[in-house]
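Subject: A structure for you to look at

Hi there,

Here is the structure I promised to pass on. Please open it beside this email and follow along as you read.

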Amino acid sequence: VPEIQQKLTTLQGEPIRVAGKVTADPIDWDVRNLSLAFVMGDAQSRIPVRYKGVKPDMFQTGVDVIVEGRIGQDGVLVASVLMTSCPSKYQEEKSPAL
């Protein structure tokens, strides 16, 4: 996200793929129109995102997402693809001793 913000004007209209976290900013989900608006990044670097389509099941604040799309003249990343990424570390569930 910080790299995208630094090159925001040169990347307008270009296809990009960005990975980052969904921030605690309000998530606007319109189920009737399948329209989702949120912000991704961290305390220093943020990118507003708009997506039209089915919201991924695991989508929520703090989740890692991968977004593919184009940045509009208004600086908003219009996503054509939105994916949540799975946690990188899984811990094995301990079975009770028999």
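Which residues does Val65 touch, not counting residues up to four places away in sequence? Val65 touches Val18, Ala19, Gly20, Val22, Phe38, Met40, Phe59, Leu82, Met83, Thr84 and Ser85. Contact here means heavy atoms within 4.5 Å.

Before going on, a word on where the values come from. This is a predicted model, in which local features need pLDDT of at least 70 and side-chain atom pairs count only at pLDDT 80 or more, while totals for chains, interfaces and linings use all residues. Residues are numbered from 1 along each chain as its sequence is written, and side-chain values use heavy atoms, with hydrogens and water left out.

The overall picture

The protein has 2 helices and 6 strands, in the order α-α-β-β-β-β-β-β along the sequence. Helices (H or I, at least four residues) and strands (E, at least two) are DSSP runs, numbered from the N terminus. Of the 98 residues, 31% count as buried; buried means under 20% relative accessible area, exposed over 50%, and partly exposed in between (1.4 Å probe, protein chains only). Among contacts between residues at least 6 apart in sequence, 50% join residues at least 24 apart.

The core

The largest nonpolar core has 19 residues, and Phe38, Met40, Val65, Val67, Leu77 and Leu82 touch the most other members. Strands β1 (15–21), β3, β4, β5 and β6 (77–84) each supply at least two residues of this core. A nonpolar core is a set of buried Ala, Val, Leu, Ile, Met, Phe, Trp, Tyr and Cys residues joined through side-chain atoms within 4.5 Å.

An aromatic pair

The structure holds 1 aromatic pair. Phe38 and Phe59 form this pair edge-to-face, at 4.9 Å centre to centre and with 70° between the planes. (Rings of Phe, Tyr and Trp, the last by its six-membered ring, pair if their centres lie within 6.5 Å; planes under 30 degrees apart count as stacked, over 60 as edge-to-face and the rest as tilted.) Phe38 lies in strand β3 and Phe59 in the loop between β4 and β5, so the pair ties together parts that are 21 residues apart in sequence. Phe38 is buried at 2% relative accessibility, and Phe59 is buried at 7%.

Salt bridges

How many salt bridges does the structure hold? There are 4, where a salt bridge is a side-chain nitrogen of Lys or Arg within 4 Å of a carboxyl oxygen of Asp or Glu. One of them joins Lys21 to Asp64, with the closest N and O atoms 3.0 Å apart. This pair links distant parts of the chain, as Lys21 is in strand β1 and Asp64 in strand β5, 43 residues apart. Lys21 is partly exposed at 41%, and Asp64 is partly exposed at 34%. Another salt bridge brings together the side chains of Asp25 and Arg46 (2.2 Å, N to O). Asp25 sits in the loop between β1 and β2 and Arg46 in strand β4, so this pair ties together parts 21 residues apart in sequence.

Two loop residues

Val63 is in the loop between β4 (46–52) and β5 (64–71), and this residue is buried, with a relative accessible area of 13%. Leu34, in the loop between β2 (28–30) and β3 (35–41), has a positive phi of about 50° although it is not a glycine. Most residues other than glycine have a negative phi.

Enjoy exploring!
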